[in-house]
Amino acid sequence: MFLSNYVSRFSTSLLYYGLSLNVRGFGLNLYLTQFIFGLIEIPANLSALALNQHFGRRTCQSGYLLFGGAACLLIPAIPNDLPVVSTTIAVMGKFAGTASFTTAYVYTPELYPTILRQNGVGFNSACARVAGFLAPLFRLLDVYHYSIPMLIYGICPLIAGGLCWLLPETLNVQLQEHTTELKKPVNESTWNKHIAEQLTQELESEIKL
């Protein structure tokens, strides 16, 4: 589960920064493209928060990554004389990358129990930062073929989008406190008896100390 989460956060960051730092590569005016890229983040963030509450975190995160990865794979197939089409697809990919980032900030803390949440979120953030500084370095691979960077930006999110389905859904689920959570039995009286026995054992251990 943790590996899927790390790959998801890495790919989210790679998708986001891979498109954000490539504003020159879509054929339109640099400043216009940058303005559109910044503007699209507003509806992306707002829609992500709404969709997360309706469809759940796992479905949204997987969908955003798959959609963003497909957009990156489609961009190299667009002819150079159609910059408007390339930029439109890139903006759609940026929308997915931004929404995926927003979802990750909500979803990641909910996946870890309380005793591991701080370290888990920190390690996920480290994975995202690694992708952040690798993203512009992948651009250098276009000296071998112009499509290689976009292929990397596209394939990684597609893999991560599939791995997201290995993660549990956390919408309307109580956050875990420990790594081994006690599951409540169906019978309420059995559950109360179990709690009483557990408290008795803890009290006896304290008395012995």
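This dialogue concerns the packing of helices α3 and α5 in a predicted model.

Reader: On what basis are the values computed?

Author: In this predicted model, local features need pLDDT of at least 70 and side-chain atom pairs count only at pLDDT 80 or more, whereas totals for chains, interfaces and linings use all residues. Residues are numbered from 1 along each chain as its sequence is written, and side-chain values use heavy atoms, with hydrogens and water left out.

Reader: How many helices and strands are there in the protein?

Author: There are eight helices and zero strands, taken as DSSP runs numbered from the N terminus (helices: H or I, at least four residues; strands: E, at least two).

Reader: How are two packed helices described?

Author: The angle between their axes and the distance between the axes describe them. Here α3 (residues 41–55) and α5 (residues 83–111) pack at about 45 degrees, their axes 8 Å apart. Axes are lines fitted to C-alpha atoms over the stretch in contact, and angles run from 0 to 180 degrees between N-to-C directions.

Reader: Why are α3 and α5 called oblique?

Author: Angles under 35 degrees count as roughly parallel, over 145 as roughly antiparallel, 65 to 115 as roughly perpendicular and the rest as oblique; α3 and α5 are therefore oblique to each other.

Reader: Which residues in α3 meet α5?

Author: Contact means heavy atoms within 4.5 Å. Those in α3 are Glu41, Pro43, Ala44, Asn45, Ser47, Ala48, Leu49 and Asn52, which meet Lys94, Phe95, Thr98, Ala99, Thr102, Thr103 and Val106 in α5.

Reader: What share of the residues in the protein is buried?

Author: Buried residues (under 20% relative accessible area, 1.4 Å probe, protein chains only) make up 38% of the 209 residues.

Reader: What share of contacts joins residues at least 24 apart?

Author: Among contacts between residues at least 6 apart in sequence, the share is 80%.

Technical notes
Buried < 20%, exposed > 50% of the residue type's maximum accessible area, 1.4 Å probe, protein only.
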